[in-house]
Amino acid sequence: MMKWLIRNRLAAFERTWAYDMSYVRALLDADTRAFMAFARSQRMNSYRKGVPKDVHYAAKITGTIVEDCGPCTQLVVTMALRDGMDAKTVAAVVRQDHAGMTEPVALGVAFARAVLAHAPEADELREKIVARWGQRAVVSLTFAVVMARVFPTMKYGLGYGTACQRVVVAGSSITVLREVA
């Protein structure tokens, strides 16, 4: 009965977001307890405190692009747009067009890239984030970056990974510029 309910929720997610949840169904089929452990991690994915949503989504989009997962990037782009993020800003993040980003969005992108690269610049960027929005913003952006790695890594590990090449933003197809962080 529980698997039936879970499968229905996965199907509803697929319909809502036009996103293939086959890898999650495979996880559920392999081990229900493993699925439950994975599902609990979702609380981190929805945490956003103290940081503007466009900055938060910019970090998430950047993370999924760095992890090279096209469907995951498309999902986060779609979620950002439905949550009211400006399509031009989303496109600028996907293109890595810093001139098309506001300074706060560029800060979120730079922080995400520095964290993913374990670069020393993350310290200075973190200080800027704390000064601007506070420590909870750092936590929010860090969770966004961490969770951006979870889904593509899970998909690739289970054999469902797909390379990120093009993403659709407000009806326009954009070639993803993927620089390794």
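**Backbone, core, salt bridges and voids**

User: Is Ala-18 buried or exposed?

Analyst: Ala-18 is exposed, with a relative accessible area of 75%; the scale used here calls a residue buried under 20% relative accessible area, exposed over 50% and partly exposed in between, with a 1.4 Å probe and protein chains only. This is a predicted model, in which local features need pLDDT of at least 70 and side-chain atom pairs count only at pLDDT 80 or more, while totals for chains, interfaces and linings use all residues. Residues are numbered from 1 along each chain as its sequence is written, and side-chain values use heavy atoms, with hydrogens and water left out.

User: And what is phi doing at Ala-18?

Analyst: Phi of Ala-18 is near 55°, a positive value in a residue other than glycine. Most residues other than glycine have a negative phi. Ala-18 sits in the loop between H1 and H2, where helices (H or I, at least four residues) and strands (E, at least two) are DSSP runs numbered from the N terminus.

User: Which other residue has a positive phi although it is not a glycine?

Analyst: Gln-96 has one, at about 60°, and this residue belongs to the loop between H7 and H8. Gln-96 is buried, with a relative accessible area of 16%.

User: Changing topic, which members of the largest nonpolar core touch the most other members?

Analyst: They are Ile-61, Val-90, Val-94 and Val-169, out of 39 residues in that core; a nonpolar core is a set of buried Ala, Val, Leu, Ile, Met, Phe, Trp, Tyr and Cys residues joined through side-chain atoms within 4.5 Å. The elements that give two or more residues to this core are H5, helix H6 (70–82), helix H7 (87–95), H8, helix H9 (121–133), helix H10 (135–158) and strand E1 (166–169). H8 gives the most, with eight residues.

User: What does Ile-61 contact, sequence neighbours aside?

Analyst: Leaving out neighbours within four places in sequence, Ile-61 is in contact (heavy atoms within 4.5 Å) with Val-76, Val-77, Ala-80, Val-90, Val-93 and Val-94. There is also a second, separate core of 16 residues, which includes Ile-6, Leu-10, Phe-38 and Met-147.

User: Now the charges: how many salt bridges are there?

Analyst: A search of the whole structure gives eight, a salt bridge being a side-chain nitrogen of Lys or Arg within 4 Å of a carboxyl oxygen of Asp or Glu. One of them joins Arg-149 to Glu-67, with the closest N and O atoms 2.5 Å apart. Because Arg-149 lies in helix H10 and Glu-67 in the loop between H5 and H6, this pair ties together parts that are 82 residues apart in sequence. Arg-149 is partly exposed at 30% relative accessibility, whereas Glu-67 is buried at 18%.

User: What about Arg-126 and Asp-123?

Analyst: Their side chains meet in a salt bridge of 2.8 Å, N to O, and both residues lie in helix H9, three residues apart, about one turn of the helix. Elsewhere, salt bridges that share partners join Glu-14, Asp-20 and Arg-25 into one network; within it, the closest N and O atoms of Asp-20 and Arg-25 are 4.0 Å apart.

User: Which residues are closest to the centre of the largest pocket?

Analyst: Of the 32 lining residues, Phe-13, Met-21, Gln-42, Asn-45 and Phe-151 are closest. H1 supplies the largest share of the lining, eight residues. By class the lining has 23 nonpolar, five polar and four charged residues, counting Ala, Val, Leu, Ile, Met, Phe, Trp, Tyr, Cys and Pro as nonpolar, Asp, Glu, Lys and Arg as charged, and the others, Gly among them, as polar.

User: And which residues line the largest cavity?

Analyst: Thr-62, Ile-65, Val-93, Gln-96, Val-109 and Arg-113 line the largest cavity, with helix H5 (53–66) and helix H8 (103–117) as the elements that give two or more residues. About 40 Å³ of space lies in this cavity, and the count of cavities of 30 Å³ or more comes to one.

Methods:
On a 1 Å grid over the protein atoms alone, a cavity is a set of points where a 1.4 Å probe fits but cannot get out, and a pocket is an open set with protein on both sides within 12 Å along at least five of seven lines; lining residues have an atom within 4 Å of a point. Grid points are joined across faces, edges and corners, and a volume is the space filled by probe spheres set on the points.
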